[in-house]
Amino acid sequence: MHAALENFQKHTTEFLDAVALFPDRDRNTAPEGEWSAAFVIHHVADGELHFAARYLHTLGSDDPLMIYFEEERYPDALHYAQRSVAKSLASIAGIRAMVLEVLSSVDEAAWARTTHNPASEVFTLADLVAKADDHMVGHIAQLKELHSLITS
C-alpha cells in the first residue's frame, strides 16, 4: 500500500501547487457556469472531511454504512461565497496530514476492511483511498484548466 500513500502525499502537494497558481485577487474569478478556484478549494475541503470520516469509520467499525454527500447542494447550503479560502486550505492540509499519519500506521489487513453503500456495494479501505485520490486528481486538473481559461 505504500504506493497509494506516496500518491496521496504527491497529490496533496500538487493540489496546493495548483492553488498557488491563483493570486488572491483571482481566486473568485471564473468563466460563466464554472466554479472559481475558491469554490473548488471549499469543495475539496468538504470532500476531504467526508473521505476522512469514511476511512475512520471503516477502520473503527465492522462494515459500516458509507454516507454519501450531495455535493451539488454544498455551494449554497455551506455558503461557499462567504467562506475563508485560507481556512479551507488549512483544513485540506490538516485533514490530509492526519489521514496520511493514520494510514501509514495500518497493517495490510486493514486495507481490506470494508464499508458498504445503501445499495449494498462493498468497498475496501484501499478502494476508498483510491476513489478519493482520483477525486483530488480531478480537481487538480480542474484548477489548472481554470487558470488557463482566466489567464488567456
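Thr 12 is found in helix α1, where helices (H or I, at least four residues) and strands (E, at least two) are DSSP runs numbered from the N terminus. At 7% relative accessibility Thr 12 counts as buried, a term that stands for under 20% relative accessible area, with exposed meaning over 50% and partly exposed in between (1.4 Å probe, protein chains only). A polar atom of the Thr 12 side chain lies 2.9 Å from the backbone oxygen of Phe 8. The model is predicted, and local features need pLDDT of at least 70, side-chain atom pairs count only at pLDDT 80 or more, and totals for chains, interfaces and linings use all residues. Residues are numbered from 1 along each chain as its sequence is written, and side-chain values use heavy atoms, with hydrogens and water left out.

Phe 8 also belongs to the largest nonpolar core, which has 22 residues and in which Phe 8, Tyr 55, Val 99, Leu 103, Trp 111, Leu 125 and Val 129 have the most contacts; such a core is a set of buried Ala, Val, Leu, Ile, Met, Phe, Trp, Tyr and Cys residues joined through side-chain atoms within 4.5 Å. Two or more residues are given to this core by each of α1, α2, α4, α5 and α6, and the largest share, five residues, comes from α6. Apart from this core lies another, of 17 residues, among them Val 19, Ile 41, Leu 89 and Leu 143. In soluble globular proteins, nonpolar side chains tend to be buried together. When residues up to four places away in sequence are not counted, Val 99 touches Phe 8, Ala 52 and Tyr 55, contact being taken as heavy atoms within 4.5 Å. The charged end of Arg 96 sits over the ring of Phe 8, 3.7 Å from its centre, the criterion being that NZ of Lys or CZ of Arg is within 6 Å of the ring centre and within 35 degrees of the ring normal.

Helix α6 (residues 125–151) has 27 residues and reaches 39 Å from its first C-alpha to its last, close to the 39 Å expected at 1.5 Å a residue, the expected span being 1.5 Å times one less than the number of residues. Buried residues of α6 include Leu 125, Val 129, Asp 133, His 135, His 139 and Leu 143. The buried residues of this helix pack against α1 (2–19), α2 (37–60), α4 (85–104), α5 (108–111), β1 (114–116) and β2 (122–124).

A search of the whole structure finds five aromatic pairs, in which rings of Phe, Tyr and Trp (its six-membered ring) have centres within 6.5 Å, with planes under 30 degrees apart counted as stacked, over 60 as edge-to-face and the rest as tilted. The rings of Trp 35 and Tyr 80 have their centres 6.3 Å apart and their planes at 75 degrees, so this pair is edge-to-face. Because Trp 35 lies in the loop between α1 and α2 and Tyr 80 in the loop between α3 (74–77) and α4, the pair ties together parts that are 45 residues apart in sequence. Trp 35 is partly exposed, with a relative accessible area of 27%, whereas Tyr 80 counts as buried at 1%. Together with Phe 39, Trp 35 and Tyr 80 form one aromatic cluster.

In the loop between α2 and α3, Asp 63 has a positive phi of about 45 degrees although it is not a glycine.

Technical notes: Polar contact = N/O pair within 3.5 Å; in protein donor to acceptor, adjacent residues only side chain to side chain.
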